[in-house]
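Open the model in your viewer and keep the selection tool at hand. Each stop below says what to select and what is found there.

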Amino acid sequence: MDEQLRVGLIGAGPWAERVHAPGIADHPGTRLTTVWARREEAASALADAYGASTAASPDELLEQVDAVAFAVPPEVQAPLATRAAELGRHLVLEKPIASTLADAERLAEAVDRNGVASLVVLTRRYAPEVREQLDQLARTGGWVGGSLRWLSGALLGGPFSHSPWRHERGPLDDVGPHAFDLLDAALGTITDVVAADRSEHGLWQVVFRHEGGATSSAALSMTLPLEPTVSEVAVYGEHGHRVLADRGTSAAQCFTYLLDDFVAMVDSGTAHHPLDVRRGLHLQRIIDLARRKAEH
């Protein structure tokens, strides 16, 4: 791009501090211009670290930027992102994109109606090794099933253990979008949640049906004292058994690759991407259906 995208950051918590702010400030195609957060002192500290300004309100931030990155709970993100899209601002969205399916649908409609670029921070999908392996799985074909385990103690301690929305909604909403996206990408579009269960220990077990006939299962927990996190995706079929390898691409590096795609989208006037708001809406529908299945 001839000029850097002016990006505003909404949120100043641990993820914004570790990933969003440094990623936006260091990328050659973006400039962190403005920060807003509900805690003024946190917004000021983060903005000062990167030579950005602070805004007194989200509306003030939206007046000053070309794009907005969100690092806030889903119930805060959805209405603000919808307003930003209506003003023609491009969006970097956290997952899940909303706290309810209705809010996710309104956000996706606003993005479509205004033709803005959007990407969802489905972190691992931007890692080169994951993209390469998923492309290989698609070329090989013949996969009939798969499984995923995403097990951690993230809610027991650490930077995200004091997050009220994560405690309230649990792994289904927090790590679920990552997990379901990977299974969907590896085995074909998820068309149904066959079964879902949340145990008294907070362990989610979800079974999916995929387009083309494959089935898969996911086990999710954020309250198991495991270090490091267990994160494994496997598929199997007529060509054997494959496990997606993690070659160590960090979350910060993945966010840089996301920004590469984001800047290219804005520069070319492209509003569609495999990981745009429509992907977020698809994952929101899966979350909604899994929760409803577990309640019956």
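The model is a predicted one.

**Stop 1: helix H9**

Select residues 251-268, which form helix H9. This helix has 18 residues and spans 26 Å from its first C-alpha to its last, close to the 26 Å expected at 1.5 Å a residue. Now colour the buried residues of H9: Cys254, Phe255, Leu258, Leu259, Asp261, Phe262, Val263, Met265 and Val266. In an α-helix, residues three or four places apart point the same way, because there are 3.6 residues a turn.

Step on to Gly269, which follows H9. The phi of Gly269 is positive, near 75 degrees. Most residues other than glycine have a negative phi.

**Stop 2**

Two packed helices are described by the angle between their axes and the distance between the axes.

Which residues make the contact between H1 and H9? On H1, select Trp15, Val19, His20, Gly23 and Ile24; on H9, select Ala251, Phe255 and Leu259. Sorted by class, this contact holds six nonpolar residues, two polar ones and no charged ones. Phe255 and Leu259 of H9, both part of this contact, are also among the buried residues of the helix.

**Stop 3: H7 against H10**

Next select helix H7, residues 164-174, and helix H10, residues 277-295. Their axes come within 10 Å and cross at roughly 120 degrees, which means that H7 is oblique to H10. The crossing of H7 and H10 is right-handed.

Show the side chains of Arg169, Leu172 and Asp173 on H7, with Ile287, Ala290 and Arg291 on H10; these residues make the contact. Three of the residues in this contact of H7 with H10 are nonpolar, none is polar and three are charged.

**Stop 4: two prolines**

Most peptide bonds are trans. Where does Pro96 lie? Look in the loop between strand S5 (90-93) and helix H5 (101-114). The bond from Lys95 to Pro96 is cis, with omega near -15 degrees.

Finish at Pro228, in the loop between strand S10 (215-221) and strand S11 (230-237). The peptide bond leading from Glu227 to Pro228 is cis, and its omega is near 5 degrees.

Notes. Residues are numbered from 1 along each chain as its sequence is written. This is a predicted model: local features need pLDDT of at least 70, side-chain atom pairs count only at pLDDT 80 or more; totals for chains, interfaces and linings use all residues. Side-chain values use heavy atoms; hydrogens and water are left out. Axes are lines fitted to C-alpha atoms, for helices over the stretch in contact, and angles run from 0 to 180 degrees between N-to-C directions. Helices (H or I, at least four residues) and strands (E, at least two) are DSSP runs, numbered from the N terminus. Angles under 35 degrees count as roughly parallel, over 145 as roughly antiparallel, 65 to 115 as roughly perpendicular and the rest as oblique. A crossing is left-handed if the near helix is turned anticlockwise from the far one by less than a right angle, and right-handed if clockwise. Contact means heavy atoms within 4.5 Å. Ala, Val, Leu, Ile, Met, Phe, Trp, Tyr, Cys and Pro count as nonpolar, Asp, Glu, Lys and Arg as charged, and the others, Gly among them, as polar. The expected span of a helix is 1.5 Å times one less than its number of residues. Buried means under 20% relative accessible area, exposed over 50%, partly exposed in between (1.4 Å probe, protein chains only).
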